[in-house]
Amino acid sequence: MNKTSFSGVGSFVHITVVPVAGVTEANGAGLKTTWTSATAVFADEAALAHAVEEYPLSNERLLAYAARNPPPQSWYDEDEDLF
Amino acid sequence: MPTPQRGRIVVVRASDPQGEKPKVRPFVIVTATDEIKPAKPFVGVAITGTFRKPVPDDCVQLPSRPDGHPQTKLNKEAVAMCSWARPITHEDIIDYKGMVPPGHMARILKIVDRLDKEQRGESSETAEGPGN
């Protein structure tokens, strides 16, 4: 039995592929679903890499942005637990 | 032990604008990980569960699930409010939560870039669509 697994950034993806000789067709749907998920994750990573390149936000620039855009009092008054 | 990094959701003890009543509030870190240094402030944008639908164009809705999303850990609907940002230090952080998926992070960075350029009078691209 062959087994291939790996993890992406932040362990968002964990893929296990178990080819079984003679029953490829029977396993096809499951394998296809697995690899489609992997492709989606890689596209997601590519989108972030593109954004980092296209929108260079240095910490200095972000600190200046934060100084102009503080959260309002109403946000500090929220008490909903989101986790 | 998690560390501050771009895309990490952190819970921060923060004083309100009046400088009173320190509150415990969630942020997503937007500063690039390699720029996050000990004793130096970095920047997060606020996460809130109070938002309109359709999601405003300065927000990105984050993945959530009633039993806690496996990546973000959010168990209620919430957005990253890109127009609300705050400096954060390592000492401010009282808890580390999940990670914002890369695609969502890309949208957050794009919106922050657009808003910043608009505020500084620079040209910017067309507004991001609805944030969900």
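Which residue just after H1(B) takes a positive phi? Select Gly121(B), which follows directly on H1(B) and has a phi of about 75 degrees. Helices (H or I, at least four residues) and strands (E, at least two) are DSSP runs, numbered from the N terminus. Before going further, note that this is a predicted model, in which local features need pLDDT of at least 70 and side-chain atom pairs count only at pLDDT 80 or more, while totals for chains, interfaces and linings use all residues. Residues are numbered from 1 along each chain as its sequence is written, and chains are lettered from A and ligands numbered from 1 in the order in which they are written.

**The helix of chain B**

Select residues 102-119 of chain B, which form helix H1. Its 18 residues should span 26 Å at 1.5 Å a residue, and its end C-alpha atoms are 26 Å apart, which agrees; the expected span is 1.5 Å times one less than the number of residues. A residue is buried if 20 or more other C-beta atoms lie within 10 Å of its own, exposed if 12 or fewer, and partly exposed in between, with C-beta atoms placed from the backbone. By that count 14 of the 18 residues of H1(B) are buried, so this helix is largely enclosed by the rest of the structure.

**Chain B as a whole**

Now colour chain B by secondary structure: it has one helix and six strands, and along the sequence these follow the pattern β-β-β-β-β-β-α. The radius of gyration of chain B is 14 Å (taken over C-alpha atoms), close to the 14 Å that the globule rule, 2.2 Å times the number of residues to the power 0.38, gives for 132 residues, so chain B is as compact as a globular protein of that length. The C-alpha trace of chain B spans about 40 × 35 × 30 Å along its principal axes, and buried residues make up 45% of its 132 residues. If you colour by pLDDT (the predictor's confidence in each residue, from 0 to 100), chain B averages 91, and 92% of its residues score at least 70.

**The nonpolar core**

Next select Val28(B), Val30(B), Val45(B), Ala80(B), Cys82(B), Ile108(B) and Val112(B), the residues with the most contacts inside the largest nonpolar core, which has 44 residues. Such a core is a set of buried Ala, Val, Leu, Ile, Met, Phe, Trp, Tyr and Cys residues joined through C-beta atoms within 7 Å. Strand S5 (residues 78-88) of chain B gives the largest share of this core, eight residues. Centre the view on Ala80(B): leaving aside neighbours within four places in sequence, Ala80(B) is in contact (C-beta atoms, placed from the backbone, within 7 Å) with Val28(B), Val45(B), Ile47(B), Cys59(B), Val60(B), Leu62(B), Val100(B) and Ile108(B).

Most residues other than glycine have a negative phi, and most peptide bonds are trans. With that in mind, select Lys53(B) and Pro54(B), whose peptide bond is cis, with omega near 0 degrees; Pro54(B) lies in the loop between strand S3 (42-48) and strand S4 (59-62) of chain B. Move to Ala39(B), in the loop between strand S2 (23-29) and S3 of chain B, where phi is positive, near 70 degrees; with 7 C-beta neighbours inside 10 Å, Ala39(B) counts as exposed. Lys73(B), in the loop between S4 and S5 of chain B, also has a positive phi, near 75 degrees, and its 18 C-beta neighbours inside 10 Å make Lys73(B) partly exposed.

**Chain A and where it meets chain B**

Turn to chain A, which has three helices and zero strands, and in which 17% of the 83 residues count as buried. Show both chains together: 28 residues of chain A are in contact with 40 residues of chain B. H1, helix H2 (59-68) and helix H3 (73-77) of chain A each supply at least two residues of the side that touches chain B. That side of chain A divides into 17 nonpolar, five polar and six charged residues, where Ala, Val, Leu, Ile, Met, Phe, Trp, Tyr, Cys and Pro count as nonpolar, Asp, Glu, Lys and Arg as charged, and the others, Gly among them, as polar. The predictor gives the complex an ipTM of 0.91 and a pTM of 0.78.

Finish on Asp44(A), in helix H1 (residues 24-54) of chain A. With 20 C-beta neighbours inside 10 Å, Asp44(A) counts as buried, and, its neighbours within four places in sequence left aside, Asp44(A) is in contact with Pro101(B), Pro102(B) and Gly103(B). Ala43(A), also in helix H1 of chain A, has 11 C-beta neighbours inside 10 Å and counts as exposed.

How values were computed:
Contact = placed C-beta atoms within 7 Å.
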